[in-house]
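Here is a brief report on one protein model. Read it alongside the sequence and coordinates.

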Amino acid sequence: MIKASSTQNIPDTSLIPSHVAIIMDGNGRWATSRYLPRVAGHAKGVESVRAIVKACVARKISYLTLFAFSSENWRRPADEVSLLMRLFSTALEREVNRMFATGIRLRVVGDLSRFDARLQDQIAQAELKTKDNDTLNLTICANYGGRWDMLQAMNKAADSLPVGSEFTEQDIAPHLAMAFAPEPDLFIRTGGEQRISNFLLWQLAYTELYFTDTYWPDFDAASLDEAIDSYQQRERRFGRTSAQLIEVRKAS
Ligand code: IPE
Ligand code: IPE
Ligand code: MG
């Protein structure tokens, strides 16, 4: 028997998406095109994060998930990796009070065990400080990989089920790193590449995908609105026909 997919309800695309997930790509090329070192692009990218977080709060988006560092980004030169870690730590230090005051709840998901103890501690403090907020659920994916996420969820499901039992979606989904959030409605990738790069593999099953050539440091509130406009033109069918959607809407 085919088990029902978790992706069941049909969100109204004329509304603001409730969960936006972004691959913030193109920092290095932004810098290189200006004859600047790649690190200058990462520093400018932090400013875009600030602007987009603010824009999401203003648009009443409930969940914003940002891919900041993938499990594959360790392959980069050591000095770029350590600079990214420093930037992350500085941004946390500078922004956490503002996030708290704006009502933002911060979570950092990924295999955090590979980060140094001080950064892990800083993350834990920031999560704790903002844990009762609910204006915007901001999630930073750091040392995150979609395959890592699915495997750790499957291992946890295996531990909690009798030996030899078959998994269902419902056994795995609650153990995923982003189980607290609905699946993303809108995925955005800046920087021109049209790929998922091991982001939220499970959760993107029925997400609307939007790709833009704009480099992340140039992505601003107007660019976000263009992506939302594109989303609002889409018809999400989740396997059904257009005619059926009208019936499903009437019934709900
Ligand atoms: C995204 O920008 C930031 C991270 C992956 C950390 P890139 O650094 O990948 O920029 P490009 O793709 O090289 O331009
Ligand atoms: C994806 O960007 C990861 C992040 C933005 C954190 P990459 O620049 O690492 O992706 P690839 O290597 O071009 O696929
Ligand atoms: Mg890149």
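Helix α7 spans residues 221-232 and contains Glu226. In this predicted model, Glu226 also belongs to a negative surface patch. Patch residues have over 30% relative accessible area and no salt bridge.

Salt bridges occur elsewhere. The whole structure holds 16 of them. One joins Arg29 to Glu193, with the closest N and O atoms 3.6 Å apart. Arg29 sits in helix α1 (residues 27-32), whereas Glu193 is in the loop between β5 and β6, so the contact ties together parts 164 residues apart in sequence. In general, side chains of opposite charge can pair when their charged atoms come close.

Now the sheet. It is open and has six strands, in the order β3-β4-β2-β1-β5-β6. The pairing is parallel. Strands β3 and β6 are the edges, and each pairs on one side only. From one strand to the next, the twist averages 20°.

Strands β1 and β2 are linked by five bridges in the parallel sense. Within this pair, Val20 has Leu64 of β2 as its bridge partner. Residue ranges for several strands follow.

| Strand | Residues |
|---|---|
| β1 | 19-23 |
| β2 | 63-70 |
| β3 | 104-109 |
| β5 | 186-189 |
| β6 | 208-211 |

Notes:
Residues are numbered from 1 along each chain as its sequence is written. Chains are lettered from A and ligands numbered from 1 in the order in which they are written. This is a predicted model: local features need pLDDT of at least 70, side-chain atom pairs count only at pLDDT 80 or more; totals for chains, interfaces and linings use all residues. Side-chain values use heavy atoms; hydrogens and water are left out. Two strands pair if DSSP finds at least two bridges between them. Helices (H or I, at least four residues) and strands (E, at least two) are DSSP runs, numbered from the N terminus. Axes are lines fitted to C-alpha atoms, for helices over the stretch in contact, and angles run from 0 to 180 degrees between N-to-C directions. Patches are made of residues with over 30% relative accessible area and no salt bridge: like charges are joined within 9 Å, nonpolar side chains (Val, Leu, Ile, Met, Phe, Trp, Tyr) within 5 Å. Accessible areas come from the Shrake-Rupley method with a 1.4 Å probe; for residues, only the protein chains shown count as cover. A salt bridge is a side-chain nitrogen of Lys or Arg within 4 Å of a carboxyl oxygen of Asp or Glu. Lys and Arg count as positive and Asp and Glu as negative; His and the chain ends are not counted. The place of a charge is taken as NZ of Lys, CZ of Arg, CG of Asp or CD of Glu.
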